[in-house]
Amino acid sequence: MSGGQTAALADKVMLVTGASRGIGRAVASTLADQGAVVVLAARDTGRLDAAVGEITTAGGRAEAVAIDVADRASVEAALKRVLDAHGRIDGLVNNAGVTRDNLVLRMKDEDWQAVLSTNLTGVFLCTQAALKPMIKQRSGRIVNITSVVGLIGNAGQANYAASKAGVVGFTKSVAREVASRGITVNAVAPGFVETDMTAAMTDKAREAVLAAIPMGRVGRPEDIAGAVAFLVSDAAGYLTGQVLGVDGGFRM
Ligand code: NAP
């Protein structure tokens, strides 16, 4: 942030799950660049500390907190740490997510459960924990990272698509519940973004995806971060229950 201007997110306390790498990492950096105090959360604290170090070296304010979003006790402990340290939480970005791909006929119960637990139950647990202080504050911003796959499906990803479609329904329901409390709840639906999650894709599958993206390139984590930064800002104050596609035109 250059001098002379007020940063868009000055002093806002923002919790980003899955912030150790990929999209969450870029979201954390972008929010910090805009003046927020960012709490980066994930399971691997070594990677989190490295991410926090990079943000603080760049002049941002950031700290790490260990969280397993699928575990209520872990989520509640993380939220307690944020509130003990800062006394408030202005934004929650539910970004932590996993894949365990297989055709539905071959899908094991544990692959179904693991994906639903992190991607959907995790969003529920973190939202519930963050909403309590937000309702007291009568303000807050929640952004849930869903996926284009939750909107159109994908062969080999029935568990992931179900979890991400669930996030869309959850987003709209909670948006309706808390709209009168000054809290907005929106979702961002990325298309194909270059991260660890998509690194294992074959060249053939990658070419097929690329051919279907009107903008002719895959997404970068920063592309998603820009949309999230807008949705948590004051500029998005009259926007709730929406699913913002950030996919280079893939699903227009
Ligand atoms: P990624 O590079 O694999 O990073 C996933 C992040 O989630 C990591 O920080 C990971 O850290 C964390 N995480 C996983 N399980 C967790 C748990 N139980 N508790 C807390 N943190 C957990 O993935 P990404 O591509 O950045 O994806 C981020 C989000 O965007 C996900 O929700 C994903 O579904 C969504 N998305 C991605 C794409 C894409 O093309 N990449 C497209 C659409 C949507 P630890 O392992 O250390 O916990």
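1. Basis. Residues are numbered from 1 along each chain as its sequence is written, and side-chain values use heavy atoms, with hydrogens and water left out. As this is a predicted model, local features need pLDDT of at least 70 and side-chain atom pairs count only at pLDDT 80 or more, while totals for chains, interfaces and linings use all residues.

2. The sheet. Seven strands form an open sheet in the order S3-S2-S1-S4-S5-S6-S7, with parallel pairing; strands (E, at least two residues) and helices (H or I, at least four) are DSSP runs numbered from the N terminus, and two strands pair if DSSP finds at least two bridges between them. Strand S3 (61–66) and strand S7 (243–246) are the edge strands, each pairing on one side only. Neighbouring strands of the sheet are turned by 20° against each other on average, direction ignored, where axes are lines fitted to C-alpha atoms, for helices over the stretch in contact, and angles run from 0 to 180 degrees between N-to-C directions.

3. Strands S2 and S3 with their helices. Strand S2 (residues 37–42) runs parallel to S3 and is joined to it by six bridges, and Ala 42 has Ala 66 in S3 as its bridge partner. Helix H2 (residues 45–57) packs on the sheet and touches S2 and S3, its direction making about 175° with that of S3; contact here means heavy atoms within 4.5 Å. Helix H3 (residues 72–86) also packs on the sheet, touching strand S1 (13–17), S2 and S3, and its direction makes about 150° with that of S3.

4. The whole structure holds 10 salt bridges, each defined as a side-chain nitrogen of Lys or Arg within 4 Å of a carboxyl oxygen of Asp or Glu. One of them joins Arg 21 and Asp 196 at 3.4 Å, N to O. Because Arg 21 lies in the loop between S1 and helix H1 (22–33) and Asp 196 in the loop between strand S6 (183–190) and helix H7 (203–211), the pair ties together parts that are 175 residues apart in sequence.

5. Arg 88 forms a salt bridge with Asp 90, with the closest N and O atoms 2.6 Å apart. Arg 88 is partly exposed at 32% relative accessible area, whereas Asp 90 counts as buried at 7% (buried means under 20%, exposed over 50%, partly exposed in between, with a 1.4 Å probe and protein chains only).
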